[in-house]
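Please open the model in your viewer and keep the selection tool at hand. We will go from stop to stop, with a note on what to look for at each one.

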Amino acid sequence: MNARAAFAAGVIACSACCAAAAPARAATTCVPTTISSASTPETLVKVHINGMGPYTFFVDTGATVSIVSSTLARKLHLPPSAAVVHGVGAGGLFSTRAAKVSITVGTLSQDNVLVSVFDVSQIEAALGPVDGALGYNFLKAYRVTIDFPDNRLCLEDP
């Protein structure tokens, strides 16, 4: 092999090696949001539960566990989990039945997410119609940006 051919082969090998070393990009999704009302401004997003939907959920960064309304749980025939969710809310201490679901927001999904199932009628009195809430146990997997000026929620793999 002459020097010119050896040099060309080296450049091609180096190019292939360097191209393969490019870092992978983290998964990101941004979805439109609305605000529930001026008097009780909560961020609302559309989500899919077990591949069905979209359903309206509010983003609740203070909730330990995500919520599915009892109405939606019945509609989706969610089987109860052995787990019981205990929490503290505006009404004091509570315990609810739980279920495990798949939650999808935009292009990002999580399976086996524990959700609390309960009557959200008091929440709806303040926010309007909602089907549940995205809580910490779903949100903690992502870098979360609530972009109020552009009306969107962005979730990014860290």
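A disulfide here is a pair of cysteine sulfur atoms within 2.5 Å. The model is predicted, so local features need pLDDT of at least 70 and side-chain atom pairs count only at pLDDT 80 or more, while totals for chains, interfaces and linings use all residues. Residues are numbered from 1 along each chain as its sequence is written, and side-chain values use heavy atoms, with hydrogens and water left out.

**Stop 1: the disulfide**

Select Cys30 and Cys154. Their sulfur atoms lie 2.1 Å apart and form a disulfide; the count by this rule is one. Cys30 sits in strand S1 (residues 28-32) and Cys154 in strand S11 (residues 152-156), so the bond links parts of the chain 124 residues apart. Strands are DSSP runs of E with at least two residues, and helices are runs of H or I with at least four, numbered from the N terminus.

Which hand does this disulfide have? The torsion about the S-S bond of Cys30 and Cys154 is about 110°, so the disulfide is right-handed.

Now colour by accessibility (buried is under 20% relative accessible area, exposed over 50%, partly exposed in between; 1.4 Å probe, protein chains only). Cys154 counts as buried because its relative accessibility is 10%, whereas Cys30, at 35%, is partly exposed.

**Stop 2: the sheet**

Next, show S1, S11 and S10 as a cartoon. They make an open sheet of three strands in the order S1-S11-S10, with antiparallel pairing. The edge strands, S1 and S10 (143-147), each pair on one side only. From one strand to the next, the twist averages 15°. S10 and S11 pair over five bridges; two strands pair if DSSP finds at least two bridges between them.

**Stop 3: two salt bridges**

- Select Arg143 and Glu156: their side chains meet at 3.4 Å, N to O. Glu156 is also the bridge partner of Arg143 in S11. Arg143 is partly exposed at 44%, as is Glu156 at 28%.
- Select Arg152 and Asp147: this salt bridge spans 3.1 Å, N to O. Arg152 is partly exposed at 33%, but Asp147 is buried at 15%.

**Last stop: the whole chain**

Zoom out to see four helices and eleven strands. Of the 158 residues, 36% are buried.

Notes
Axes are lines fitted to C-alpha atoms, for helices over the stretch in contact, and angles run from 0 to 180 degrees between N-to-C directions. A salt bridge is a side-chain nitrogen of Lys or Arg within 4 Å of a carboxyl oxygen of Asp or Glu.
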